[in-house]
Amino acid sequence: MEVKRKLLNMGFNIGYRLVEQMSVDSTRLPTDMEVMKFVCKDLWNRCFSKQIDKLQTNRKGTFVMQDADFPWLTNIS
């Protein structure tokens, strides 16, 4: 469990620093939809060199991101 906790903390810290670095020059994102657009366009492009394929919402705060060619899962059958 200690290893799992350390990995989770490392992933969180890396993600936090990456988003903080990317958002230094941008304005504040006031709505959830604008945050999700930032994740789908800018962050996803920085991490995977492509935008997310599809973003859906039910307008009640639930978002679904779809990536048909997610790089980490392409070799899993």
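**Phe70 and its surroundings in a predicted model**

Start with Phe70: leaving aside residues up to four places away in sequence, Phe70 touches Trp44 and Phe48. Contact here means heavy atoms within 4.5 Å. Phe70 sits in the segment after β2. Phe70 is buried, with a relative accessible area of 18%. The cut-offs: buried is under 20% relative accessible area, exposed is over 50%, and partly exposed is in between, with a 1.4 Å probe and protein chains only. Then there is Ile52, 18 residues from Phe70 in sequence, with 8.9 Å between the C-alpha atoms.

Ground rules, quickly. This is a predicted model, where local features need pLDDT of at least 70 and side-chain atom pairs count only at pLDDT 80 or more, while totals for chains, interfaces and linings use all residues. Residues are numbered from 1 along each chain as its sequence is written, and side-chain values use heavy atoms, with hydrogens and water left out.

Now the overall layout. The protein has two helices and two strands. From the N terminus, the order is α-α-β-β. The radius of gyration is 15 Å, well over the 11 Å that the globule rule gives for 77 residues, so the protein is more spread out than a compact globule. For the record, that radius is taken over C-alpha atoms, and the rule is 2.2 Å times the number of residues to the power 0.38. Helices are DSSP runs of H or I with at least four residues; strands are runs of E with at least two; both are numbered from the N terminus.

Some totals. The C-alpha trace spans about 35 × 35 × 25 Å along its principal axes. Of the 77 residues, 14% are buried. Take contacts with a separation of 6 or more: 29% of them join residues 24 or more positions apart. The accessible surface is about 6,700 Å², and carbon and sulfur atoms hold 55% of it. Those areas come from the Shrake-Rupley method with a 1.4 Å probe; for residues, only the protein chains shown count as cover.

Charges next. There are 12 positive and 9 negative side chains, and the centres of the two sets lie 5 Å apart. Lys and Arg count as positive, Asp and Glu as negative; His and the chain ends are not counted. Each charge is placed at NZ of Lys, CZ of Arg, CG of Asp or CD of Glu.

On to the strands. β1 covers residues 54-57, β2 covers residues 63-66, and the two pair in the antiparallel sense over four bridges. Pairing requires at least two DSSP bridges between two strands. Lys54 has Gln66 in β2 as its bridge partner. β1 and β2 form a hairpin, with five residues between them.

Which residue in that turn has a positive phi? Arg59, at about 65°. Arg59 is exposed, with a relative accessible area of 71%. Ser49 also deserves a look. Ser49 is not a glycine, yet has a positive phi of about 60°. Most residues other than glycine have a negative phi. Ser49 lies in the loop between α2 (32-48) and β1. Ser49 is exposed too, with a relative accessible area of 64%.

Last stop, helix α2. Val39 lies there. Val39 touches Trp44 and Met65, again not counting residues up to four places away in sequence. Val39 and Arg17 are 22 residues apart in sequence and 14 Å apart in space, C-alpha to C-alpha.
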